[in-house]
Structures are given as structure tokens and as C-alpha cells.
Amino acid sequence: MTPWIQKLHKWVGLIIGLQFVIWAASGLVMSLLDTATVNNQHHLAPAAQALPWPEAEISPAVIVARESRPVQMVETHWLAAEPVYRLSDGASSWLADIRDGSSVPVTAADVAAIAARDYVGDGRPASPELMQENTWEVRGHTGPIWRVAFSDDDATTLYVSGQDGTILERRNDTWRLFDFVMMLHFMDYTRQQDFNNPLIVMAGAGGLWLALSGIWLFFASFRLGEFIPARWRPRRELTVYGADGGKLRSVESHSGDTVYLALGRNGLQLPSNCGGGQSCGLCVVRVRGHAPPPSSADRMHIDATRLRSGYRLACNLPVTSDGQIEVAGGAALWTERVATVVSATAVTPFLREFVLAPEVPLGPEFQPGAYLQVHVPGYRLQRNDLDHPELHRQDWSSLSLPENLVCKEPVRRSYSLSLPVEKAGGNVTLLARFSPGRQGKKQQPAGKGSTYLYSLKPGDRVCFSGPFGDFAIKPGAKEKVFIGGGAGMAPLRAMVHSLLESGAEERIHFWYGARNMREAPYVEEMEALARKHANFTWHLVLSEAAEHGAGLIRGLVHEATDEGLLQNHPDLKSCEFYLCGPPAMLAATRSLLARLGSGEEHVAYDDFKI
Ligand SMILES: Cc1cc2nc3c(=O)[nH]c(=O)nc-3n(C[C@H](O)[C@H](O)[C@H](O)COP(=O)(O)OP(=O)(O)OC[C@H]3O[C@@H](n4cnc5c(N)ncnc54)[C@H](O)[C@@H]3O)c2cc1C
Ligand code: FES
């Protein structure tokens with residue numbers, strides 16, 4: 001349920017968040033405005049001395065008896081300085097002469113006198129104007145209304161009832177501003193002064209939901225233990241086993257730690273590209289015994305079969321009691337290796353090959369398909385520290401990279417072997433794509449790991465650990481189809497070389513997709529392999545229309561493979577597939593193979609998430 005709430009929380013948060021900003025800003029403005037000024041008290045004349053009421057010549061009872069309308073109330077009243085009776089039927093009111101009971105109209109001269117008696121200040125009144133239509137400044141009032149505007153700084157305006165000459169409203173610019181922000185505050189866009197309007201009810205309900213879902217997400221993202229210092233939490237023992245079942249070591253941790261943290265503190269650094277952020281999916285371990293129910297992050301990165309077998313993300317797996325876990329990687333988890341850069345060669349503008357000579361010879365566990373974790377130190381580089389060959393300078397100058405390229409904290413990044421170690425004379429060969437970060441308006445910083453690699457020069461020292469991963473050539477001689485794109489060339493190339501070097505006789509197909517010829521790495525090398533080995537075929541697929549030419553396949557690599565091989569293959573079920581490339585390509589190819597009936601057990605892939 002959490003990912004669903006997270007998504008909704010984000011979008012409701014965006015909409016309600018805007019209203020929160022409006023609520024806060026309008027509330028602040030209202031609280032800063034002086035109430036007396038809003039109510040026009042500074043232009044209100046002190047109450048005039050009460051005048052003596054003249055002796056009336058006609059009694060109110062006679063007036064009421066003469067009226068054709070039902071009279072509910074009669075009271076004495078002053079129209080400017082004129083004594084009158086004010087009569088009311090509950091809905092409207094009118095004035096009657098105290099001498100003969102005749103009707104007294106409210107004239108422009110009366111209104112001018114009333115306004116002049118009510119106002120103090122240096123403004124001059126304009127002539128009273130009988131409003132043809134009531135505006136929002138006199139909302140809530142009915143009947144004829146006179147308007148008198150004053151020429152002061154506040155644009156004071158008095159509204160006088162055309163029925164009985166009472167002052168209905170005193171408005172000014174401060175009030176107008178207050179009224180505008182109050183409209184925003186109460187979402188009262190129809191200006192009905194209705195605080196129960198549907199908009200505010202919806203926003204209030206949305207805000208309450210946002211707060212409640214925020215509390216839910218808070219507790220779903222953190223464990224209670226994280227708020228208690230480690231020394232106050234009970235100690236737990238974790239026994240760590242290798243994937244082969246052999247015991248590696250026991251480590252001490254505290255209840256509430258994640259397995260990822262507990263192992264890291266004891267020098268067993270699980271592979272990770274996200275530093276324990278539950279987003280890279282590399283820190284998978286298997287719980288021996290009873291595994292806790294999988295979380296949404298587990299389900300996102302681990303398939304159902306492995307979840308059932310107890311595999312979980314270590315960075316999302318709390319230590320609650322003494323327990324046993326299995327990790328892949330064995331000694332590689334705590335062995336830091338050091339190598340010297342032999343060469344850094346630009347294969348395409350944004351794919352670079354690095355050959356590293358390790359200080360200590362590598363063992364047989366460094367197999368094609370495996371990846372290393374390069375230890376990227378904190379650094380501060382200048383843009384010019386990234387050197388490029390002349391023919392790629394234009395590609396790089398079109399990128400907008402900042403002058404300073406900074407990595408504040410050490411991080412680790414995964415890179416696959418791109419040649420078998422034996423073929424590289426015992427060296428490690430990597431192929432790294434540069435991550436420039438999103439370009440354009442919403443620019444993002446360049447990738448930390450790839451920037452570091454691209455700054456390396458022959459003679460530099462690099463630390464790494466590994467090998468890791470379960471992407472490997474399966475035993476047996478089944479026909480093999482490699483489908484890849486981008487930096488996915490790295491492990492596929494190593495696998496193809498390894499198979500051909502070891503004398504594999506099964507048919508091997510390599511379909512590789514790039515945008516254009518300039519971005520396609522190792523084309524000549526693959527063509528040479530295809531000429532040398534009759535069982536190996538190489539197909540370069542280019543997606544950019546301009547590259548369409550003789551002998552080139554145009555389109556998307558999975559579609560081209562489908563058309564050129566899979567659709568007409570007599571026995572697809574006897575093939576093995578090895579996939580590696582950009583996420584979209586990987587997803588499209590996997591769903592194509594699933595549609596064609598190739599079971600998951602025949603499809604191996606590595607997801608670089610780039
Ligand atoms: C098993 C495995 C094997 C791999 N093998 C290879 C390989 O052989 N070759 C290869 O090239 N790659 C490989 N990768 C990918 C590699 O590990 C890195 O993920 C990749 O190089 C990018 O890392 P980075 O440090 O350069 O970018 P990161 O710093 O991790 O950034 C990733 C992306 O996010 C952007 N970004 C950075 N900071 C921000 C921010 N603040 N806000 C928003 N966006 C931001 C960056 O611009 C970049 O595009 C592999 C990955 C895995 C999991
Ligand atoms: S460390 Fe990346 S998902 Fe666990």
C-alpha cells in the first residue's frame with residue numbers, strides 16, 4: 001500500500017501544497033494589516049452631540065395606522081440633521097415625516113451631508129452617486145445605495161442606504177487588500193462570505209489526508225529503532241554465510257539496525273549504487289530461516305521466486321533478533337583491491353574503455369558478466385580535468401557542464417568486466433558511459449562515478465571490490481542470443497569473447513543497438529570476430545534515420561532482432577538470451593521474449609538502471 005500512498009501523497013501534496021502557501025501568505029498579510037485602518041476608523045468622525053428631539057406633531061400610532069405596508073417597527077431617526085420616523089417591515093425600511101407622516105426620500109443633498117458628518121481627513125468628497133448595480137463592496141445589502149468617494153490616499157468610499165440614510169459600509173484600499181487576501185484564504189472566489197464553500201471543504205479534507213498520509217509514510221520509512229541510540233538497543237548476532245553455504249563470519253549489531261548497516265560497520269560492504277537508499281537493488285541477501293514479509297522496495301527489485309526463497313534488500317531488512325543471512329560475494333565484500341590505470345581510451349564520444357592493472361593477480365571468480373564496485377573518493381575537479389581526443393571535442397563542448405565537478409562523500413559505483421581477465425593479460429577492462437546529467441533548463445549534476453572515471457589518467461591508482469553479481473554464461477551449449485545497447489556492451493562483449501576464445505561451437509548472435517555509427521563501440525572488433533568465427537553473427541542496429549544506408553539495419557534493436565531472427569526461428573525455446581542495455585530497451589526486449597514464449601529461465605539480464 002505504501003507506494004500507492006506515496007504517489008497520491010506526492011500529487012495531493014502538490015495541489016494542497018499550493019493552497020497551503022496561499023493560506024500561509026494570506027494569513028500573514030491579514031495579520032499584518034491594521035484592523036482600525038481596515039475598518040476605516042482613522043477617517044471616522046467622533047460621534048456628534050445628540051440633538052434634542054422636537055415635539056412630534058403626529059404620533060407614531062397614527063403613522064402606522066396610515067401605512068399600507070405592515071409595519072413591524074417604528075423608531076426615531078436622524079436623516080443628516082433632520083428628525084424623522086424610521087419604519088420597517090422586517091425586509092426593508094423607509095422614512096416618514098414626524099409632522100404629517102408623509103414619506104421622506106433620501107436625496108443626494110442628504111447623502112452629501114451624511115458623508116461630510118461621518119468623515120474626517122483631507123479627502124474631498126465627490127458628488128453622491130446612486131448605484132445602478134450593487135458591487136462586491138456592498139455585498140449583503142439590498143435596496144438603493146448611494147456611493148460617495150473621497151479623494152484621499154486610501155480611496156475612502158462611503159456607502160449610504162437609499163432607504164433610510166444609514167451608513168452601510170466604509171471602504172478603503174487597505175480594506176480592499178484585506179478583502180482580496182481573505183477571498184484567497186477562505187477560497188471564497190464567489191465572494192459570498194461563505195466559509196463552508198465546497199472548495200475549502202475539499203482543501204481542508206485534502207490537507208487532513210495529507211497530514212495523516214505523511215504520518216503514515218513517516219512511520220513506514222523509518223523504524224522506531226532508528227530514533228534510539230545504538231548503545232541503548234539490545235545486541236544481536238548475525239551469522240553471515242557465503243552463497244555456497246560456508247560460514248564467513250559472525251558480526252555484532254544492534255536491534256533496529258538494517259543488515260546493510262550492520263554488515264558495513266563490520267567491514268562487509270555489500271554492493272550498492274545508492275548507498276542504502278533502497279533504489280539500486282544491488283544489496284540483496286538471503287535470510288536463512290523465517291524471512292519477514294517483503295516490503296514494496298523488495299518487490300520492486302526481487303522477483304517472486306527469489307522473494308519466496310527469502311531474498312530481501314539488506315538496506316531494508318531490520319535486525320530484530322540473532323539471525324543468519326547468506327550473501328553473494330564472499331571475501332570480495334571485505335577485500336579492497338588496488339589497481340593502476342594502464343589506459344583510458346575514448347571508444348565513442350561518451351563510452352570510454354579503462355584498463356586497470358591490479359596489484360594482486362585476480363582469481364578465477366572474475367568471470368564475464370561479473371561487476372566490480374569502483375570506490376569513488378570524494379573529489380573536486382575542474383571541467384578541464386576531463387580530457388578528450390580531438391575528434392570528440394565538439395560532442396563534449398555541446399554539453400553544459402559546470403566549471404567545478406564535485407563529489408563530497410566517497411561513493412561506490414558498479415562497472416562490469418568488458419573483456420575476460422585472461423584475454424586482457426590479467427588486467428581488468430571496463431567500459432564506462434559518461435552520465436552528463438540532464439541538460440537544458442532543469443539541469444542536473446553530472447554522475448559522480450563516471451566523472452571520476454573520466455578524470456583518470458594512466459598511472460593513477462584506483463580502488464575497487466568485487467567481483468559481484470549473478471549475470472553469467474550458463475553451462476551447456478545452447479544457441480545464444482545477446483541483445484544489448486549503450487554501456488550494456490560491456491558484459492555482453494566479455495561473454496562473447498569468452499565463449500569464442502573457449503571454442504564454443506553453438507550459434508552465437510549479437511544484436512546491438514545504438515543511435516548512430518559514432519555512438520556504436522567496438523564495431524570493427526565485432527565484425528572481425530564474425531569473420532573469424534563462422535558460428536558468430538554480429539548485427540548493428542541504428543535508430544537514427546540519417547544513418548540509414550547500405551548494409552545497416554535501422555530501427556530499435558529488439559524489433560530488429562524480432563524481425564531478423566526471432567520471428568522465423570524454428571525453435572526459440574532451445575535458445576538462451578543475454579540482455580543488457582538501457583532500462584527501456586531491457587523492458588521492451590523482456591516483454592517481447594515473454595510474448596514469444598521464452599521462459600524466464602532462458603533469459604538472463606543485467607540492469608544497470610542507466
Ligand atoms: C550491476 C551493474 C553493472 C554496471 N555496469 C556498468 C558498466 O559496465 N558501464 C557503465 O557505464 N555503467 C555501468 N553501471 C552503471 C553504473 O554503476 C552507474 O550507475 C553509472 O555509471 C552512473 O553513475 P554515476 O555515479 O556516474 O551517476 P550518479 O551520480 O549515480 O547519478 C546518476 C544519474 O542521476 C543524475 N543525478 C546526479 N545527481 C542528481 C541530482 N542531485 N538530482 C537528480 N539527478 C541527479 C546524474 O546526472 C546521472 O544521470 C552498472 C550498474 C550496475 C547496477
Ligand atoms: S543499497 Fe541500493 S537497494 Fe540496498
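Ala-80 sits in the loop between β1 (73-79) and β2 (82-88). Helices (H or I, at least four residues) and strands (E, at least two) are DSSP runs, numbered from the N terminus. Check the backbone: Ala-80 has a positive phi of about 55° although it is not a glycine.

This is a predicted model, in which local features need pLDDT of at least 70 and side-chain atom pairs count only at pLDDT 80 or more, while totals for chains, interfaces and linings use all residues. Residues are numbered from 1 along each chain as its sequence is written, chains are lettered from A and ligands numbered from 1 in the order in which they are written, and side-chain values use heavy atoms, with hydrogens and water left out.

**Next, Ala-155.** It lies in the loop between β5 (145-149) and β6 (157-161). Ala-155 is partly exposed, at 27% relative accessible area.

**Now ligand 1.** Show its shell: 23 residues surround it, the closest being Arg-413, Ser-414, Pro-445, Gly-449 and Ser-450 (near means a heavy atom within 4 Å). β18 (411-416), β19 (428-433) and α11 (448-455) each supply at least two shell residues. β18 gives the largest share, 4 residues.

Turn to the polar contacts (pairs of N or O atoms within 3.5 Å; within protein, one must be able to donate a hydrogen and the other to accept it, and residues adjacent in sequence count only if both atoms are side-chain atoms):

- Ser-450: a side-chain N or O atom is 2.7 Å from a ligand 1 oxygen.
- Lys-448: a backbone N or O atom is 2.9 Å from a ligand 1 oxygen.
- Gln-444: a side-chain N or O atom is 3.2 Å from a ligand 1 nitrogen.

**Then the largest nonpolar core.** It has 32 residues (a core is a set of buried Ala, Val, Leu, Ile, Met, Phe, Trp, Tyr and Cys residues joined through side-chain atoms within 4.5 Å). Tyr-452, Leu-453 and Tyr-454 are among those with the most contacts inside it. Pick Tyr-454. Not counting residues up to four places away in sequence, it touches residues including Phe-350, Trp-396 and Phe-434 (contact means heavy atoms within 4.5 Å). Apart from this core lies another, of 29 residues, among them Leu-431 and Tyr-512.

**Last stop, Pro-467.** It lies in strand β20 (residues 461-468). The peptide bond from Gly-466 to Pro-467 is cis, with omega near 10°.

Methods. Buried means under 20% relative accessible area, exposed over 50%, partly exposed in between (1.4 Å probe, protein chains only).
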